[in-house]
Amino acid sequence: MAGGFTEKERVEIRQRLLNSGYELSTEIGIKKMTIAMIAKNTEVAVGTFYNFFASKEEYVVAMIRDTEVKFEKEMALHFSKDGTIALKQFLKIFRENLKPENNFLLRLRLYDWVWLKSHISDRAYLNTANDLKKYEFMFTKIKGIRRDAEPGVVVNFIKSIYALYQNRDTLFEESLQTNVDLIFDALYRYLKEDNKK
């Protein structure tokens with residue numbers, strides 16, 4: 001057992017480390033965040049950090065994955081017995097996930113996204129082909145979606161939300177919520193089944 005921790009302690013410390021990253025990434029950003037800061041904020045030794053993550057990059061990938069898992073678990077609670085979900089319900093849950101308070105990636109600034117793109121070697125993230133696969137898979141689970149909907153259009157809608165938040169310093173930040181709501185309205189109109197060409 002690495003670090004001499006029980007499995008229960010490992011789970012708890014790992015989550016505390018991730019929570020520290022969410023907090024620090026909001027306060028100072030991922031680019032400026034150091035392993036020493038993460039350890040100090042979590043009240044563990046730097047060596048303890050390395051019992052869980054080999055690098056800052058691996059740690060950030062774990063933060064992204066942790067955020068995704070929380071969303072996936074929330075979504076799974078709303079699937080019907082046949083493993084599907086209604087379009088409106090899907091978008092409602094997805095919308096909740098795309099609020100800054102629920103998704104640390106929306107709290108990042110543009111310079112942090114530049115850091116992510118240059119440091120994350122895990123191609124499961126920040127990868128357009130992978131994004132398309134995720135949405136193509138989700139399309140099979142959503143009831144009431146038009147058959148000719150293009151996953152690339154949906155991915156672009158979602159990425160436009162991230163782009164708004166990344167550039168919030170140059171926008172009217174108090175209006176971002178309304179902009180995001182309008183994007184979701186447009187996404188619903190695009191995806192709904194009675195909107196067939």
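Guide: Helix H8, residues 151-166, packs against helix H9, residues 176-191, with the two axes 10 Å apart and at an angle of about 180°. H8 is therefore roughly antiparallel to H9. Axes here are lines fitted to C-alpha atoms, for helices over the stretch in contact, and angles run from 0 to 180 degrees between N-to-C directions. Angles under 35 degrees count as roughly parallel, over 145 as roughly antiparallel, 65 to 115 as roughly perpendicular, and the rest as oblique. From H8, the contact takes in Val-153, Val-154, Phe-157, Ile-158, Ser-160, Ile-161, Leu-164 and Tyr-165. H9 brings Leu-176, Asn-179, Val-180, Ile-183, Phe-184, Ala-186, Leu-187, Tyr-190 and Leu-191; contact means heavy atoms within 4.5 Å. By class, the residues of this contact are 15 nonpolar, two polar and no charged. In this scheme Ala, Val, Leu, Ile, Met, Phe, Trp, Tyr, Cys and Pro are nonpolar, Asp, Glu, Lys and Arg are charged, and the others, Gly among them, are polar.

The model is predicted, so local features need pLDDT of at least 70 and side-chain atom pairs count only at pLDDT 80 or more, while totals for chains, interfaces and linings use all residues. Residues are numbered from 1 along each chain as its sequence is written, and side-chain values use heavy atoms, with hydrogens and water left out.

The pair belongs to a protein with nine helices and two strands. Helices (H or I, at least four residues) and strands (E, at least two) are DSSP runs, numbered from the N terminus. In order from the N terminus, the elements read α-α-α-α-β-α-α-α-β-α-α. The C-alpha trace spans about 60 × 45 × 25 Å along its principal axes.

Together with Leu-17, Tyr-59 and Leu-116, Leu-191 touches the most other members of the largest nonpolar core, which holds 58 residues. Such a core is a set of buried Ala, Val, Leu, Ile, Met, Phe, Trp, Tyr and Cys residues joined through side-chain atoms within 4.5 Å. Buried means under 20% relative accessible area, exposed over 50%, and partly exposed in between (1.4 Å probe, protein chains only). Helix H4, residues 56-76, gives the most to this core, with eight residues. Of the 197 residues of the protein, 43% are buried.

A second pair of helices gives another view. The axes of helix H1, residues 7-27, and H4 come within 10 Å and cross at roughly 100°. H1 is therefore roughly perpendicular to H4. Among the residues that meet are Leu-17, Leu-18 and Tyr-22 of H1 and Tyr-59, Ala-62 and Met-63 of H4. This contact has six nonpolar, five polar and three charged residues. Leu-17 also touches Ile-38, Thr-42, Val-44, Phe-49, Phe-52 and Phe-53, besides Tyr-59, when residues up to four places away in sequence are not counted.

Three further residues may be compared. Lys-73, in H4, is exposed, with a relative accessible area of 57%. Asn-97, in helix H5, is buried at 13%; its contacts include Thr-67 and Phe-71. Glu-43 lies in the loop between helix H2 and helix H3 and is exposed at 72%. The phi of Glu-43 is near 65°, a positive value in a residue other than glycine.
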